[in-house]
Amino acid sequence: MITPDQIRRIASLAKLELGPEELESMTRELARVLDYVDQLAGLDPGTAAEEPAPATPLRDDVISRSLDPATVEANAPAFAHGHFVVPRVFGGE
Amino acid sequence: MHELAAVPLAQFRERIVAGSLAPEAWLEASFAAIDASESEVYAFIELDRAAARRRFAASARGPLHGVPVAVKDNIVHRDGATTCGSRILEGFRSPYEATALRRLETAGAFILGKTNLDEFAMGSSTEHSAFGPTRNPLDPERVPGGSSGGSAAAVAAGMAPVALGSDTGGSVRQPAAFCGLVGLKPTWGRVSRRGLVAFASSLDQIGVFARRVADAAVILGVIAGHDPNDSTSSLEPVPDYAAALASGVGGKRFGIIAEALELLEGEARRRFEETIATLRGAGAEIETVTVATLPHAVAIYSILANAEASANLARFDGIRYGRCAGAETLEQLWLASRGEGLGPEVKRRIMLGTFALSAGYLEAYYGRAQRARATMRREIAAALERVDFLLTPTTPSTAFRLGEKIDDPLAMYLTDVFTVPANLAGIPALAIPAGRSEEGLPLSLQIMARPFAEEEMLAAGGWVEGVLG
């Protein structure tokens, strides 16, 4: 059975902030879905390996235009000197 | 319904050229239908009439000139916003357009507007849109299905002759079934996914809503084909799908999946058996085949689709585009932007997918589901060696009421049990109207075929449509 502590850990890995109510409902709902998918444990384990992905056609290795910085900047919440701006990465906690 | 809805797309152009229809006839009919029912149905997230008129005026004089297309709002276009039904894409403008839309525009069609969907295409009722639910035009107390519910509702309400959706586990076929329409999911790789916002990349495929099989064939012929911008799009040549409709089903064999029949109850089972008897009576050769893993389809899908989604949706980080929450540190920015911007169903799926890929659980969940998927693919391929097509109902039930399954995620997932196998196997599938239930709600038959056998599948679909219509 999945526990609230496990849910907290998964939420941290998934970078999702969950409120106390969300944590409670998420624990309950995920437990139910995981209980349902556990039916796969009963399938014949002799059923062969995963299939490799089908080969995909590759384009010629030539340089083509990518998005220009002005287009990228237009969508960015914060952008300066050709870069995305983020808060400090270290510290805080 | 206005009279234009009765005109097959292939004849629309002829009538314009002959002078019996004005090129703007569909545009005006769309606006009239929107005036009549959009305030109740809420099919569109974005509907800017001036922009639609401008796109029509600028449209190419091709075979689809004058044809408005409603487009699910997870397929990007440079003109206007793309929301995916989510708050997290607030303010986002795509810098390019989807290849499928560019091809439609090159053929003369124009984009009417962007339709409502379950957030990031995750859902089966269109109730999980951040902008509110779409209602079924045939019964506004019921859902239109999902996740492409807005596209289905737009066509069912006569707002557009055709629409595009995306189908990851049935998101075109299930709403087509609930709204009494034809719904086409092509083979994985048949249509470029360039510009379709990714949910589960090994399952996603752009699909078509139409009033008749012939119209779906016309649209597929335009949007199918290799695209250098999607390396998973196939190099298989694109045949003349519309012409193939005339070839019928002579000598073809249909298979009923025994395991699917066992999942059906009551009226759904009785009506499916009646439909099969009708097709037999009309000359179809039908036998029973087995796909032993079919009852496990939703379990397999729940793990694999959501594992892929958890990786694909990592891009919504509050940094590069979309909603950004104020925060002191980068970690807080991620947590808050995603925590505020994503809805409960999307979070649930990201959580499930992250769990299935996490250390200690990868093999027990993701690995096991991958092997089960491989087994299902082999079973379906073996069945499709015995017969040319597989038949199931498209859905286990008719359109349910708004709110009926919203608090029970598992019950919602189980509505996709017959549509998910085609995505897991990568094969094409077609939903076709098959009469009405005792309550007067649409029933639907699903035809699945071998990979890249859309020509044969559409021909069979046209034949079935004629028999059941």
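Me: Where's Tyr42(B) in chain B?
Reply: This is a predicted model, and in it Tyr42(B) sits in the loop between helix H2 (25-41) and strand S1 (44-46) of chain B.

Me: Is Tyr42(B) buried or exposed there?
Reply: Tyr42(B) counts as buried, because it has 22 C-beta neighbours inside 10 Å, and 20 or more is what it takes to be called buried.

Me: And what's the phi of Tyr42(B)?
Reply: Phi of Tyr42(B) is near 55°. That's a positive value in a residue other than glycine.

Me: What about Phe120(B), where does that one lie?
Reply: Phe120(B) is in the loop between S3 and H5 of chain B. Its phi is near 55° as well, again a positive value in a residue other than glycine.

Me: Buried or exposed, that Phe120(B)?
Reply: Phe120(B) is buried, because 30 other C-beta atoms lie within 10 Å.

Me: Which residues does the cis peptide bond join?
Reply: The cis peptide bond joins Gly146(B) and Ser147(B), with omega about 15°. Ser147(B) lies in the loop between strand S3 (110-115) and helix H5 (149-156) of chain B.

Me: OK, new topic. How many residues of chain A are in contact with chain B?
Reply: On the chain A side it's 41 residues, and they are in contact with 48 residues of chain B.

Me: Which helices of chain A each supply at least two residues to that side?
Reply: Those are helix H1 (4-13), helix H2 (20-37) and helix H3 (69-75) of chain A. H2(A) gives the most, with 7 residues.

Me: What's that side of chain A like by class?
Reply: The side of chain A that touches chain B has 26 nonpolar, 7 polar and 8 charged residues.

Me: Back to H2(A). How far apart are its end C-alpha atoms?
Reply: They're 26 Å apart. That agrees with what you'd work out, because 18 residues at 1.5 Å a residue should span 26 Å.

Me: Which residues in H2(A) are buried?
Reply: The buried ones are Met26(A), Thr27(A), Glu29(A), Val33(A) and Val37(A).

Me: And what covers the buried residues of H2(A)?
Reply: The cover includes H1 of chain A, and from chain B it includes H11, helix H13 (344-357) and helix H15 (409-413).

Me: Now H10(B) and H17(B). At what angle do they pack?
Reply: Helix H10 (residues 266-281) and helix H17 (residues 454-468) of chain B pack at about 105°, with their axes 10 Å apart. The two helices are therefore roughly perpendicular to each other, since angles of 65 to 115 degrees count that way.

Me: Which residues make the contact?
Reply: H10(B) brings Thr275(B), Thr278(B) and Leu279(B), while H17(B) brings Val464(B), Val467(B) and Leu468(B). By class, the contact has 4 nonpolar, 2 polar and no charged residues.

Me: Last one: is His81(A) buried or exposed?
Reply: His81(A) is exposed, because it has 6 other C-beta atoms within 10 Å, and 12 or fewer counts as exposed. His81(A) lies in the loop between strand S1 (79-80) and strand S2 (83-84) of chain A.

Key. Residues numbered from 1 in each chain as written. Chains lettered and ligands numbered in written order. Predicted model: local features only at pLDDT ≥ 70, side-chain atom pairs only at ≥ 80, totals over all residues. Helix = DSSP H or I, 4+ residues; strand = E, 2+ residues; numbered from the N terminus. Contact = placed C-beta atoms within 7 Å. Nonpolar A, V, L, I, M, F, W, Y, C, P; charged D, E, K, R; others polar. Expected span 1.5 Å × (residues − 1). Axes fitted to C-alpha atoms, helices over the stretch in contact; angles between N-to-C directions. Parallel < 35°, antiparallel > 145°, perpendicular 65-115°, else oblique.
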